[in-house]
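Here are my notes on the model you sent. They are set out as numbered points, starting with the chain as a whole.

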Amino acid sequence: MTLQPLTPVNCAGLLQPGCSLLHLDGEVLLFGQKGWPKRSCPTGVFGVRIKRGELKLRPISFGNDSCYLPPLRCPAVCRLDPYDGLPESYLIHGGRTPNNEISSSLYLLTMDSRGCNRKLTLRCKEKELVAEVPGARYGHTLSVVQSRGKTACVLFGGRSYMPAGERTTESWNSVVDCPPQVFLFDLEFGCSSAHTLPELDDGQSFHVALSREDCVYFIGGHSLTSDSRPPRLFRLRVELLQGSPLLSCETLDTGLSISSAIITRPGPSHKYIILGGYQSDSQKRMECSTVILDEKGIQFEPLEPPSWIPDIIHSRTWFGGSTKEGSILLGVPTEGRPSQQDTHYFYKVSFQTEGERKEDEETQACSQESTDYDNSTPLEDSEELYFGREPHELEDSSEGEEDAYNEDDEEDESRTGYWIKCCLTCQVDSNTWEPYYSTELHRPAMIFCSRGEEGHWVHAQCMELSETLLIRLSEGNQKYFCLDHGGLPYQETTPPRQLMPLKRTPMKVKERNTPLRLKMSPSKKSFFRRLFD
């Protein structure tokens, strides 16, 4: 196994903790990036390509009949292998948006088409669930089980905001573990059912779920109630009977104390590799484990980890996902290095042997030889965005970079409504924030300071604004200045834009019949008026 550093090419800002990597039709897709890139990629889904130590992203387009897919972080993602004539697809449930809004929607992501230049187009549809529907949550898992010729999905765990009836001013924005219920639903009719099992007596999130046939294994996870990561291991068996399904749960002894782990599958068999994760809030899990699912059950085998470098060892957090079989994309923050422009370092962890890596590189080279030319018409959307050839199709040409993601074209989150960025003296924490006004129940109210070249957003709490003053400042066409730029917050009316009047010369009309007018003095007018009256 190897650890290879990667150089992100104008895309380091997009990969953030909580994003997901999907494998669809031989492509690696990035989903759930930091915000919503308006110009570079209106769909928010990118194709990931790693070659020659460089990490590049290219925009992925959606079909015309696709629905809106928000940038969800920490959703439940499940891959559906082709069955019953249906193509391979992904199920995406829940997740958290950059605005800290939690979703309860279920999306089905499939391939729409492939162009003559192998350009991928996706289709996204929202699936509706009925009956006992799982609520909004994030950090949960979604698995597929097969029993008696039927297929169903198992949803478990996660976190959500405290219920509305239990919220107070102090705990308005607090998250809690979802009740330890197991939700079972089918994809054909969308009928969902909730099941409570005595073995699952505590909520857990950011755990690992692995499935084989009619069994799902829940490994590790974090509990907010006890603030611990106990070495738990549950085996859930689902029997899809003709009437109602039958669920049974068993507690096993050989578990792992882990949360937020990265899973990769080195082959088509039920063999997985667990990398990363946390053993506690201040301790990462530096070991690797191999998990094998067979007829006997589940087996754990220790695996030699890569030779970690100091940047990874001393980092407080890390994240990533599986890029292909036996390969993981790993990111760690650049902590304490102001000279570093990018916010994260990225590495490729490969568990393949030297022969497998060479064979894979040769296969990639052969598959790219037939995609050197593009005869298809460019994609055009409502904002007149054009995505031409893919970056790997014009490797040595400057035109190929037009399709790659350019971080300079990205809109700043602080300018588009996200309240992550504020002044230097800001004391508002996104995790412990409490509503201060009746107008900011979902996110803290902000005001934009116009001083400086770029300006910045400032929380109204930091400026000690009253609610009436905040509402008055948000009306009309004004400029605003915060406390850091002197004095109390005040406003200044923006001068109206002066437009020069256009001189229009009347057009001359030939042979125009004008009424005959007689020139008369006022006395003559009064005489004729009296005469006819």
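1. What does the accessible surface of the protein chain come to, and what share belongs to carbon and sulfur atoms? The surface is about 29500 Å², and 50% of that belongs to carbon and sulfur atoms. Accessible areas come from the Shrake-Rupley method with a 1.4 Å probe; for residues, only the protein chains shown count as cover.

2. Some ground rules. This is a predicted model, in which local features need pLDDT of at least 70 and side-chain atom pairs count only at pLDDT 80 or more, while totals for chains, interfaces and linings use all residues. Residues are numbered from 1 along each chain as its sequence is written, and side-chain values use heavy atoms, with hydrogens and water left out.

3. Confidence. pLDDT is the predictor's confidence in each residue, from 0 to 100. The chain has a mean of 77, with 73% of its residues at 70 or more. A contact means heavy atoms within 4.5 Å. Residues 411–419 are also below 50, with 31 contacts beyond near neighbours in sequence.

4. Overall make-up. The protein chain holds five helices and 36 strands. These are DSSP runs numbered from the N terminus: helices are H or I, at least four residues, and strands are E, at least two. Of the 533 residues, 46% are buried. Buried means under 20% relative accessible area, exposed over 50%, and partly exposed in between (1.4 Å probe, protein chains only). Among contacts with a separation of 6 or more, 54% join residues 24 or more positions apart.

5. Five strands form an open sheet in the order 6-10-9-8-7, with mixed pairing. Strand 6 (61–62) and strand 7 (76–80) are at the edges with a single partner strand each, so one side of each has no neighbour in the sheet. Two strands pair if DSSP finds at least two bridges between them. Strand 6 runs parallel to strand 10 (residues 120–127), over two bridges. There, F62 has L122 as its bridge partner.

6. Strand 8. Which way does strand 8 run relative to strand 7, parallel or antiparallel? The two are antiparallel and joined by five bridges. V77 is bridged to I92 of strand 8. Strand 8 also pairs antiparallel with strand 9, again over five bridges. In that pairing, S89 has T110 as its partner. Five of the five residues of strand 8 are buried, so the strand is largely enclosed by the rest of the structure. S89, L91 and H93 point one way, and Y90 and I92 the other.

7. The loop at S103. S103 sits between strand 8 (89–93) and strand 9 (106–114). S103 is buried, at 12% relative accessible area. A polar atom of its side chain lies 3.1 Å from the backbone nitrogen of S105. Leaving out residues up to four places away in sequence, S103 touches L72, G94, G95, A136 and R137.

8. Cysteines. The structure has zero disulfides (a disulfide is a pair of cysteine sulfur atoms within 2.5 Å). C67 is in none; its nearest cysteine sulfur is that of C124, 3.7 Å away. C67 is partly exposed, at 26% relative accessibility. C124 is buried, at 0%.

How values were computed. Polar contact = N/O pair within 3.5 Å; in protein donor to acceptor, adjacent residues only side chain to side chain.
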